[in-house]
Amino acid sequence: MSSNIETINIIKEISGVNPLRCMKCGKCTASCMAYDEMDIKPHQFVSYIERGDLESLMLSESLYKCLGCFACVERCPRNVQPGKLIDAVRQTVIRQRGAEGMTTEEIRQLITQEVPQQLLVSAFRRNRR
Amino acid sequence: MKYSYFPGCTLKYKAKELDICARESAKALGCELEEIEEWQCCGGVYTMQKDELATKLASVRALMEAAQKGQALVTVCSACHHVLKRVNLMMREGGPECDRINNYMNNEIPYRGEAKVIHYLEFLRDEVGFDKIKEAVEKAQTARKAKDQEDPADGTAQKVKTEPVKDVKTAPYYGCLLLRPSAQMAFDDPENPSIMEDFIEAIGGKPVYYPYRNECCGAYTSIKNKDHALRLSWEIKDSAAGFGAEKIITACPLCMYNLKQEKEIEIPVIYFTRILADALGLEI
């Protein structure tokens, strides 16, 4: 548990997010284009961090469903900006366990003639170290 | 006038059209885009974590080169623009991260975000001016008409009819990276942008206003979660089509890919630099 608290503090630090500012309005999730794909929704990320449940977040599929479109970052009326939190947890997973989203081989197999470089580069950056 | 230019990885391969049309149009408007030497890929995604520094180094190198030349750095790709602009701001803010990067790079003169990063649309609006573009487009149209009249056997009627941009109902698709987060990007109103609409008007088209123009197309998730990206792209195209769009324009190769993968709604998606080059009468 103590290492959990430590990691949560690091996540707060590197993301710059203060979950205590959240007023639970749900605008982040309402704005999210991927919310229906997510097992844990953007507004829940804030509550999970607040109550110290990091494990659930680190195992969440949402880390790889977040589009990184900054809709929740832009529209959060309290400057909590859950997108930053999702991204920091994803980064923590990558740092602690290596990649879990997709393997290099998986990404490689999905390449077609039409896939732009930008897609590969961003997929690698989102899923791997 | 000369500008530094960062094309980015995709513009060199799958999005060559976006690149060539941007360069040639700039030339036609009296400006030169000088490609940065030995630029490296921006990484496609801005790493938001404060302590994530290695992933920002390639951008810092490009920014430094532009700053040394005293030129504004022009980007066309939405992702490159997003990453370069935010890395530059991070360096400008200073702080321990900026110092660590300068130390690591062994910079004799520390880089403090002196470069000015502008997107090609901002270049058109603020550096060239939409009024000047309008003039150039009208001149190109007159020249085209005169040429047709000189040689009526050349299918005049058809040529005038196929005026490529004029009065075409064009839906601008902004996507996310150009606009958000607006506090950093300072590109336009994040919820009600107008720069692309003004651009379309300047080149003689008819902008279409539709609600999904600044929502996400699915971005990188289309590699693994294709159905979801297709659904988002469908919503965007459906929204544009519902407001009568004949064409959708975009600045982003990934938006282009995702919107094109969606094949249910038949509406052409093209790069904004392509319609600019067409309006200027450039044969590319």
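Modeller: Gladly, and let me start with the sheet: four strands of chain B form an open sheet in the order β6-β5-β7-β8, with parallel pairing. This is a predicted model, in which local features need pLDDT of at least 70 and side-chain atom pairs count only at pLDDT 80 or more, while totals for chains, interfaces and linings use all residues. Residues are numbered from 1 along each chain as its sequence is written, with chains lettered from A and ligands numbered from 1 in the order in which they are written.

Biologist: What makes β6 and β8 of chain B edge strands?

Modeller: β6(B) and β8(B) (269-271) each have a single partner strand, so one side of each is left without a neighbour in the sheet.

Biologist: Why is G218(B) called buried?

Modeller: A residue is buried if 20 or more other C-beta atoms lie within 10 Å of its own, exposed if 12 or fewer, and partly exposed in between, with C-beta atoms placed from the backbone. G218(B) has 29 such atoms within 10 Å, so it is buried. G218(B) sits in the loop between β6 (206-207) and α10 (226-242) of chain B.

Biologist: Which residues does G218(B) contact, leaving aside its neighbours within four places in sequence?

Modeller: A contact means C-beta atoms, placed from the backbone, within 7 Å. On that basis G218(B) is in contact with L67(A), as well as H228(B), A229(B), L232(B), S233(B) and N258(B).

Biologist: What makes α9(A) largely enclosed?

Modeller: Eight of its eleven residues are buried, so α9(A) is largely enclosed by the rest of the structure. Among the buried ones are L119(A), V121(A) and F124(A). The buried residues of α9(A) pack against α5 (62-65) and α8 (104-109) of chain A, together with α3 and α11 (253-261) of chain B.

Biologist: How many residues of each chain are in contact across the two chains?

Modeller: 31 residues of chain A are in contact with 35 residues of chain B. α9(A) provides the largest share of chain A's side, eight residues. By class, that side has 16 nonpolar, seven polar and eight charged residues. Here Ala, Val, Leu, Ile, Met, Phe, Trp, Tyr, Cys and Pro count as nonpolar, Asp, Glu, Lys and Arg as charged, and the others, Gly among them, as polar.

Biologist: What does the largest nonpolar core hold?

Modeller: The term covers buried Ala, Val, Leu, Ile, Met, Phe, Trp, Tyr and Cys residues joined through C-beta atoms within 7 Å. The largest has 126 residues, and L63(B) and F199(B) are among those with the most contacts inside it. Helix α3 (78-93) of chain B gives the most to this core, seven residues.

Biologist: And how do you know that the radius of gyration of chain A agrees with a compact globule?

Modeller: The radius is taken over C-alpha atoms, and the globule rule is 2.2 Å times the number of residues to the power 0.38. For 129 residues a compact globule would have a radius near 14 Å, and chain A has 15 Å, so the two agree. Chain A has nine helices and zero strands, and buried residues make up 45% of it.

Technical notes: Helix = DSSP H or I, 4+ residues; strand = E, 2+ residues; numbered from the N terminus. Pairing = 2+ DSSP bridges.
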